[in-house]
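Colleague: I have just opened this one and would like a guided look. Could you take me through it?

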2 protein chains.
Amino acid sequence: MITKLKQIKDERGKLIVFEKDNNLTFDLKRTYFIYYKSSLDRGFHAHYNTNQLLVCLNGTVKIVLDDGYKKTKITLNNSENGIFVPKMIWHYMTDASSDCIMTVMADKLYDKNDYIRDYNKFINEIK
Amino acid sequence: MITKLKQIKDERGKLIVFEKDNNLTFDLKRTYFIYYKSSLDRGFHAHYNTNQLLVCLNGTVKIVLDDGYKKTKITLNNSENGIFVPKMIWHYMTDASSDCIMTVMADKLYDKNDYIRDYNKFINEIK
């Protein structure tokens with residue numbers, strides 16, 4: 001689920017573009033940014049229908065992905081890679097550095113009914 | 001054109017969401033990130049049809065906006081504010097710090113024909 005991001009580098013710095021068919025496999029509808037001021041974990045949900053791409057823009061963070069059968073922990077510590085998190089994957093972020101800035105790009109607008117926030121309910125939905 | 005961004009703050013840090021009617025006045029289609037490794041200016045174009053929101057996620061940068069009649073220079077040095085840059089505004093970025101990370105959100109997919117990269121042509125289109 002690690003996605004190598006296409007980057008446009010020159011003497012001025014670098015540019016990373018996200019739109020359908022350019023570092024994204026989906027139509028972009030929503031994006032959000034997370035700044036961590038403490039090392040408290042966050043996330044702990046799955047989506048019924050939303051697919052997302054997670055990118056760590058600064059600092060470092062670990063992402064735990066859980067498909068109901070297997071847990072995977074991936075470290076993001078640069079903007080060269082993203083993690084594609086499809087629908088129905090339980091996920092949370094842990095061990096973020098205090099300078100961590102994350103962005104998430106999603107293919108759906110916000111809908112509170114799209115969230116599964118109870119792990120047992122997630123497992124029941126998977127099985 | 002400075003837009004105060006709605007932020008969701010708690011003990012874990014903060015979250016800034018961008019989607020239509022939530023920190024954005026338009027449907028999101030494309031986003032990109034700029035990392036500055038030198039203090040070289042960048043931008044120097046206007047768009048025929050694209051509206052954009054510029055946010056400085058880290059560090060500092062100055063944005064120069066030019067409607068063909070008047071130039072305005074705005075410093076962005078936090079993620080509390082964004083700058084809305086509507087179509088047909090010549091703009092460039094200057095004095096970026098080496099730790100600057102900028103994001104731009106746009107209401108159109110990339111189209112090279114949407115760019116005006118010659119200042120005299122921009123002025124002629126405006127007048």
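Colleague: What does the side chain of D66(B) reach at 2.7 Å?

Modeller: The side chain of D66(B) reaches the backbone nitrogen of G68(B) at 2.7 Å, and it also makes a polar contact with the side chain of Y119(B) at 2.6 Å. A polar contact here is a pair of N or O atoms within 3.5 Å, where within protein one must be able to donate a hydrogen and the other to accept it, and residues adjacent in sequence count only if both atoms are side-chain atoms. This is a predicted model, in which local features need pLDDT of at least 70 and side-chain atom pairs count only at pLDDT 80 or more, while totals for chains, interfaces and linings use all residues. Side-chain values use heavy atoms, with hydrogens and water left out, residues are numbered from 1 along each chain as its sequence is written, and chains are lettered from A and ligands numbered from 1 in the order in which they are written.

Colleague: Is D66(B) buried or exposed?

Modeller: D66(B) is buried, with a relative accessible area of 4% (buried means under 20%, exposed over 50% and partly exposed in between, with a 1.4 Å probe and protein chains only). Leaving aside neighbours within four places in sequence, D66(B) is in contact (heavy atoms within 4.5 Å) with K71(B), I89(B), W90(B), Y119(B) and F122(B).

Colleague: And which strand is D66(B) in?

Modeller: D66(B) lies in strand β8 of chain B, residues 61–66, where strands are DSSP runs of E with at least two residues, numbered from the N terminus. In chain B, β8 belongs to an open sheet of five strands with antiparallel pairing, in the order β9-β8-β11-β6-β13; two strands pair if DSSP finds at least two bridges between them. β9 (71–76) and β13 (115–116) of chain B stand at the edges with a single partner strand each, so one side of each is left without a neighbour in the sheet.

Colleague: Switching to the interface, how many residues does each chain give to the contact?

Modeller: Chain A gives 32 residues and chain B gives 32 residues. The area buried between them is about 3,100 Å², with carbon and sulfur atoms giving 58%; buried area is the accessible area (1.4 Å probe) that two parts lose on being put together, summed over both.

Colleague: Which strands pair across it, and in what sense?

Modeller: β5(A) and strand β3 of chain B (residues 13–20) pair in the antiparallel sense over six bridges, and the bridge partner of I34(A) in β3(B) is L15(B).

Key. Helix = DSSP H or I, 4+ residues; strand = E, 2+ residues; numbered from the N terminus.
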